[in-house]
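Welcome! Have a look at it, then read on.

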Amino acid sequence: MAFVYPEPSRTFSEYLLIPNLTTKQCIPSRVSLTTPLVRYKGSANDPALAPLSLNAPVSSALMQSVSDDKLAIALARQGGIAFIYCSQSIENQAAMVARVKKYKAGFVVSDSNLKADATLDDVLELTENSGHSTIAVTDDGSPRGKLLGMITNRDYRPDVHGPRTPVSQLMTPFARLNCGKAGLDLATANELIWEHRLNCLPIVDNDDKLVHLVFRKDHDDHKDHPLENVDAEKRLIAGAGINSRDYAERVPALIEAGADVLCIDSSDGYSEWQKDALSHIKEKFGDKVFVGAGNVVDAEGFLYLAEAGADFVKVGVGGGSICITREQKGIGRGQASALMDVAAARDEYHRRTGIYVPICSDGGITQDYHITVALAMGANFVMMGRYFARFDEAPGRKLRVNNNFVKEYWGEGSNRARNWQRYDHGEGEKKRNNLEFEEGVDSYVPYAGKLQDNLGLTLSKTRSTMCNCGSTTITELQERARLTVASAVSIHEGGAHDVILKETRGTTSDS
């Protein structure tokens with residue numbers, strides 16, 4: 001007969017954290033939410049050893065209705081990471097990644113350039129298409145050509161200057177530009193910006209060829225977003241999803257676009273297809289390309305993917321708010337039970353090999369405090385879909401339904417997404433036989449406003465709860481946290497009860 005686990009399959013809502021001594025050092029301003037994103041060799045207590053980490057332990061789901069370039073930008077600026085969805089063409093996905101990498105940087109390679117004989121019409125067209133108001137004028141119209149001048153929207157008036165007016169008559173010529181020399185550091189570049197009251201500082205080499213642009217707004221943005229995740233070139237960190245079918249073609253394009261980390265998107269990660277994908281990528285690109293895998297719900301699944309080379313492992317099957325895999329197929333496990341099982345396997349694997357493989361808890365988070373519970377149970381970071389789908393930056397349309405504003409939210413397993421590559425097995429059996437049953441639904445979620453405002457509040461709750469647990473780092477939380485199983489009555493007791501509320505309380509907790 002089949003093996004039956006003796007313990008029930010439990011969810012986050014069935015647990016409560018027990019307070020530890022809150023010392024005078026345990027204040028929210030001292031809490032660090034830094035966490036490793038990819039595997040590394042060394043102590044689990046030293047996440048700084050990881051070649052790639054997060055400043056906030058949150059990521060957005062690999063979904064059409066959640067993770068596009070706009071949300072990826074907003075989330076990276078808050079310390080997390082988005083994995084741009086792969087249920088689209090390779091070209092479109094690579095373009096989204098490229099837009100994230102170009103959005104914010106200390107030293108930017110100019111991608112809005114014209115020759116001096118271009119016209120105002122060309123300027124207006126380029127500005128419309130790129131959204132950029134600063135254009136470099138070079139001898140050959142390339143980002144590395146000899147710099148002849150700069151033109152911004154302050155240099156012309158469409159209602160005054162004719163559409164055929166040459167750029168050479170409108171631009172600020174090179175002789176009047178304040179430029180930096182190639183090789184200077186970002187601090188020096190920012191000093192020049194402030195000294196000369198510039199919005200943009202061109203960086204040129206000894207032959208006056210354009211190398212980079214440095215913008216004042218990038219410096220100001222960093223002050224406003226101290227947790228932002230950036231690479232060595234001060235570009236925002238971007239993740240991208242891949243599948244286990246066209247990875248040979250998709251992965252090179254995403255790497256070329258600048259993706260910092262990839263993740264195989266699948267409802268079932270314990271499969272030979274994922275192992276084949278990991279083997280191919282590691283053999284071709286080595287350890288320079290980071291790839292997460294999943295999803296799994298037990299120790300066996302984790303070990304299979306860790307030994308196959310996964311740089312992190314996602315945990316969770318059927319726990320998402322729009323996922324109906326458990327209903328349709330009877331496959332899955334309560335998120336808390338799955339996470340604790342995998343975390344124990346991760347720790348044992350680390351003791352045996354010295355290699356620490358981070359785990360991501362994907363799904364099952366319906367309240368803000370569930371994030372802290374997931375971290376305490378061993379997750380290094382969490383992945384959320386519904387939580388992010390509610391925000392302005394998410395791709396879904398904002399609509400008014402029954403006098404309430406909502407955002408569209410649909411699953412990758414829904415008919416709307418039609419992402420058969422995610423759920424197909426073998427040689428396209430479902431597609432050939434028209435057996436595309438749904439494993440996700442098409443729905444609405446309450447509109448919640450801007451990502452920054454909501455995530456800031458959520459992370460404040462996490463820091464405060466960690467202090468109650470006597471911890472100022474995620475590692476300390478995992479070592480010191482105590483959890484108790486909560487009865488249905490005690491869960492009811494924890495909310496407002498036996499009173500008449502004056503008004504409906506707002507919430508940002510749904511994920």
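A salt bridge is a side-chain nitrogen of Lys or Arg within 4 Å of a carboxyl oxygen of Asp or Glu. This is a predicted model, and it holds 19 salt bridges. The points below begin with some of these, then turn to a sheet and a helix.

**Salt bridges**
- Arg 397 and Glu 408 join through their side chains, with N and O 2.9 Å apart.
- That pair links distant parts of the chain, since Arg 397 sits in the loop between helix H13 and strand S21, while Glu 408 lies in strand S22, 11 residues apart.
- Glu 408 counts as buried because its relative accessibility is 5%.
- Asp 311 and Lys 282 form another salt bridge, at 2.6 Å from N to O, and both residues are buried.
- Arg 10 pairs with Glu 14, their closest N and O atoms being 2.9 Å apart; Glu 14 is partly exposed, at 22% relative accessibility.
- A network of salt bridges links Lys 101, Asp 231, Glu 233, Arg 235 and Asp 260.

**An open sheet**
- Four strands, in the order S7-S8-S9-S10, make up an open sheet with mixed pairing.
- S7 and S10 stand at the edges with a single partner strand each, so one side of each has no neighbour in the sheet.
- S7 and S8 run parallel and are joined by 2 bridges; Leu 114 has Val 137 in S8 as its bridge partner.

**Helix H11**
- H11 covers residues 335-353 and reaches 26 Å from first to last C-alpha, close to the expected 27 Å.
- Its buried residues include Leu 339, Val 342, Arg 346 and Tyr 349.
- Gly 354 follows H11 and has a positive phi, near 80°.

Conventions
Residues are numbered from 1 along each chain as its sequence is written. This is a predicted model: local features need pLDDT of at least 70, side-chain atom pairs count only at pLDDT 80 or more; totals for chains, interfaces and linings use all residues. Side-chain values use heavy atoms; hydrogens and water are left out. Two strands pair if DSSP finds at least two bridges between them. The expected span of a helix is 1.5 Å times one less than its number of residues. Buried means under 20% relative accessible area, exposed over 50%, partly exposed in between (1.4 Å probe, protein chains only).
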